[in-house]
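Subject: Structure handover

Hello,

Here is the structure for you to look at. Please open it first, then read my notes below.

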Amino acid sequence: MNLAPLKQTGRLATIALTGLLVFSCKKDTPKPEPEPEPVERTEAQLIKDDIYKYYKLYSLWDKSIPDYTSDPAQFTDKYGSADLVLDALKKMTPAHAAYANGVFDRFSYMLGLDGYNTGTTASGRLKMDTNDGYGIYVQLGTEDGKTAQPIIYFVEGGSPAQKAGFKRSDFITAVNGDSDYSIAVTCTTTGCTINDASARDKMMNKLNTALDAGTLKLQVKHQDGTSTTKDLAYANGYTIDPVYKDSIYTYNGNNVGYLALSSFEEIENNNANQQKIDAAFDKFQAQQIKSLIVDLRYNGGGYVDASAYVADKIGGAITKGKLMLTYEVNDYIKATPSINRMFQDTKFEGKSNLSLNKVYFLVSDRTASAAEMLINVLKPYLQVQLIASGIRTYGKPVGFFEQVVQNKVSFWPVSFLLKNSANFSDYWDGLVPDKSNITDYVFVDVGDKKETMLATALNDAAPGITTKASINAVSRKGYRTLDQGEVNIRPDRGMIKKR
């Protein structure tokens, strides 16, 4: 049989089938879709994206954050606001059980500029170098153990209240002509309780509303029994005077200095803050003080460089030329010279000639950030004693510098950890005092030797300068402050670096 035609036919059939299959495959393959037009992101989305990117770039805990830098939307589109993005990022930082959210970063924050709202959890912070309002901070106190009234415990330097002459220890007796500013309390040897919580809330709400209003008519009763009434205007951006008291106490030739600092505002180019600090320390040098009491109980921090300047003044001849502080930052900052230059080691320069035997710090659970830094950097070199109204300071060894996002948001991601010359920075839960639970006796003015925390330091620095009898004479009046009775609490400032 001649198989050639069959073979040829088979080959032709195979070629035809192959062609059919090839044709069929080509026919079934869809044409490539055109690339979609890029979707322009909204302003709110871009702000969320930038919050993520800045946090990833600058955060001290950047290694805990997943890398979406090529496409931040993969992360940020899961969240409805910039605040929620930041909250999610902070929750990714390493665990620290003692903090409310169980993680280290309880500090990074943002606020909208020119009224921009970053989300439902947005909140204002104390401004750098300036503040808004009247500058008075209030809690509840009682003279007789039966009736409590608002009492001013702090007046910020440079504020309308300070300029009007109001001071710590003034009882508020009327606001805008309304004299209904007292509530009933019951006091025992262990403390005071409020008889009607709703009456307390009503009174405090009235006072809060008044302190937010554009004008304020305030009547107070001073501790000598006299009264003062003044009209105040709400100030937008008054310049803070952080040195609210400096004094020298003398007993048997022993001179003790006292310096009260409400915050660490910018010190540079011989500005007003530098002049006041220099003048105080010139006075301390002239009187050859051997002990210094630094009152930081209401100091929530401020500029790192300002705190370092004060530390240098206190350290004086003892610390000159020695290492003050070092920084820990992430790898990106280390590799970026324009940023890393801010974080070089700092040495003491010997900005005063003091040679102090001992430094006392009056602190509270609001003493934070740059205030804690001041204490920490001096501890390796000087004899330091902490006298606290509670059991610890606030606990914030980290700081930040500002990122302006889309001209709408001021963003402050935690970017550095600060260490003293002994490499110590582990005060996340606060610095532990040498003397704790010392009453912050608000019924005398700042600097009064009968004020309990100040008297505790003075009695150690210059025994006999003030006596237990003089303190007890005041305490026997039964004056008490009440828990949960504060209005307009001062927020912490942080540890701020300028770029």
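Start with Glu43, which is partly exposed because its relative accessible area is 40% (buried means under 20%, exposed over 50%, partly exposed in between, with a 1.4 Å probe and protein chains only). The model is predicted: local features need pLDDT of at least 70, side-chain atom pairs count only at pLDDT 80 or more, and totals for chains, interfaces and linings use all residues. Residues are numbered from 1 along each chain as its sequence is written, and side-chain values use heavy atoms, with hydrogens and water left out.

**Around Glu43**

Glu43 sits in helix H2. Helices (H or I, at least four residues) and strands (E, at least two) are DSSP runs, numbered from the N terminus. Leaving aside residues up to four places away in sequence, Glu43 touches Tyr116 and Lys408 (contact means heavy atoms within 4.5 Å). Glu43 and Lys408 are 365 residues apart in sequence, yet their C-alpha atoms are 9.4 Å apart.

Helix H2 (residues 43-58) lies across S1, S20 and S21, and runs at about 160° to S20. Axes are lines fitted to C-alpha atoms, for helices over the stretch in contact, and angles run from 0 to 180 degrees between N-to-C directions.

**The sheet under discussion**

Three strands form an open sheet in the order S1-S21-S20, with antiparallel pairing. Two strands pair if DSSP finds at least two bridges between them. Strand S1 (109-112) and strand S20 (403-405) are the edges, each pairing on one side only. From one strand to the next, the twist averages 25°. Four bridges link S1 to strand S21 (residues 409-412) in the antiparallel sense. Met110 stands opposite Phe411 in S21.

**Strand S18**

Strand S18 (residues 384-388) is largely enclosed by the rest of the structure, because five of its five residues are buried. Val384, Leu386 and Ala388 point one way, and Gln385 and Ile387 the other. Strand S17 (residues 358-363) pairs with S18 in the parallel sense over five bridges. Tyr360 has Gln385 in S18 as its bridge partner.

**The disulfide**

How many disulfides does the structure hold? It holds one, joining Cys187 to Cys192, S to S 2.0 Å. A disulfide is a pair of cysteine sulfur atoms within 2.5 Å. The torsion about this S-S bond is about 110°, so the disulfide is right-handed. Cys187 counts as partly exposed, at 22% relative accessibility. Cys192 counts as buried, at 18%.

Best wishes
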